[in-house]
Amino acid sequence: MTDNIQELISAKAEELFNLCDKEGKGFIIKKDMQRLRDELDVESEQLEDVFDSLDIDHNGFLTLKEFTCKLFFTNLS
Ligand SMILES: [Ca+2]
């Protein structure tokens, strides 16, 4: 299921990132990520899992680079 979410996010990474980062901070936190719940019709826990898997340096912030970088590698595997 998490894989499906990552595919969805991958397909429109930048659009979804901007949806989370409404304030234009340049990064998103877990709370911002919850804005995707309605958009992707997924559970809050699943979004947290995706967040954790994308947050490569585990600092609690997701930059657009992290958002798209990891997805790039996910697509390759
Ligand atoms: Ca990070």
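**Helices, core and loops of a predicted model**

Q: What order do the elements of the protein chain run in, from the N terminus on?
A: From the N terminus on, the elements of the protein chain run α-α-β-α-α-α-β-α, and this is a predicted model. The secondary structure comes to 6 helices and 2 strands.

Q: And what share of the residues count as buried?
A: Of the 77 residues in the protein chain, 19% count as buried.

Q: How much of the contact set with a separation of 6 or more comes from residues 24 or more positions apart?
A: Residues 24 or more positions apart account for 48% of the contacts in the protein chain that have a separation of 6 or more.

Q: OK, the core. How many residues does the largest nonpolar core have, and which have the most contacts inside it?
A: The largest nonpolar core has 13 residues, and those with the most contacts inside it are Cys20, Met33 and Phe51. Helices α2 (13-20) and α5 each supply at least two residues of this core, and the largest share, 4 residues, comes from α5. As general background, nonpolar side chains in soluble globular proteins tend to be buried together.

Q: Staying with α5, which of its residues are buried?
A: The buried residues of α5 are Leu47, Val50, Phe51 and Leu54. They lie on the same side of α5, because they cover an arc of only 105 degrees around the axis.

Q: What does Phe51 touch, leaving aside neighbours within four places in sequence?
A: With those neighbours left aside, phenylalanine 51 is in contact with Lys30, Met33 and Leu62.

Q: Why does Asp52 count as exposed?
A: Aspartate 52 counts as exposed because it has 12 C-beta neighbours inside 10 Å, and the cut-off for exposed is 12 or fewer.

Q: Why is Leu16 counted as buried, and what is it in contact with?
A: Leucine 16 counts as buried because it has 20 C-beta neighbours inside 10 Å, and 20 or more is what buried requires. Leaving aside neighbours within four places in sequence, leucine 16 is in contact with Ile9 and Leu36.

Q: How far apart are leucine 16 and leucine 64?
A: They are 10.0 Å apart in space, C-alpha to C-alpha, and 48 residues apart in sequence. Leucine 64 lies in helix α6, residues 64-76, and touches Glu14 and Phe17, not counting residues up to four places away in sequence. Leucine 64 is partly exposed, with 15 other C-beta atoms within 10 Å.

Q: What about Ala13, where does it lie?
A: Alanine 13 lies in helix α2 and is partly exposed, with 19 other C-beta atoms within 10 Å. The C-alpha atoms of alanine 13 and phenylalanine 67 are separated by 7.0 Å, although the residues are 54 apart along the chain.

Q: Last topic, backbone angles: what is phi at Asp41?
A: Aspartate 41 has a positive phi of about 55 degrees although it is not a glycine. In general, most residues other than glycine have a negative phi. Aspartate 41 lies in the loop between α4 (36-40) and α5, and with 9 C-beta neighbours inside 10 Å it counts as exposed.

Q: And what is phi at histidine 58?
A: Phi of histidine 58 is near 50 degrees, a positive value in a residue other than glycine. Histidine 58 is found in the loop between α5 and β2 (62-63), and it counts as exposed because it has 7 C-beta neighbours inside 10 Å.

Terms used:
Residues numbered from 1 in each chain as written. Predicted model: local features only at pLDDT ≥ 70, side-chain atom pairs only at ≥ 80, totals over all residues. Core = buried A, V, L, I, M, F, W, Y, C linked by C-beta atoms within 7 Å. Contact = placed C-beta atoms within 7 Å. Arc of directions from axis to C-beta.
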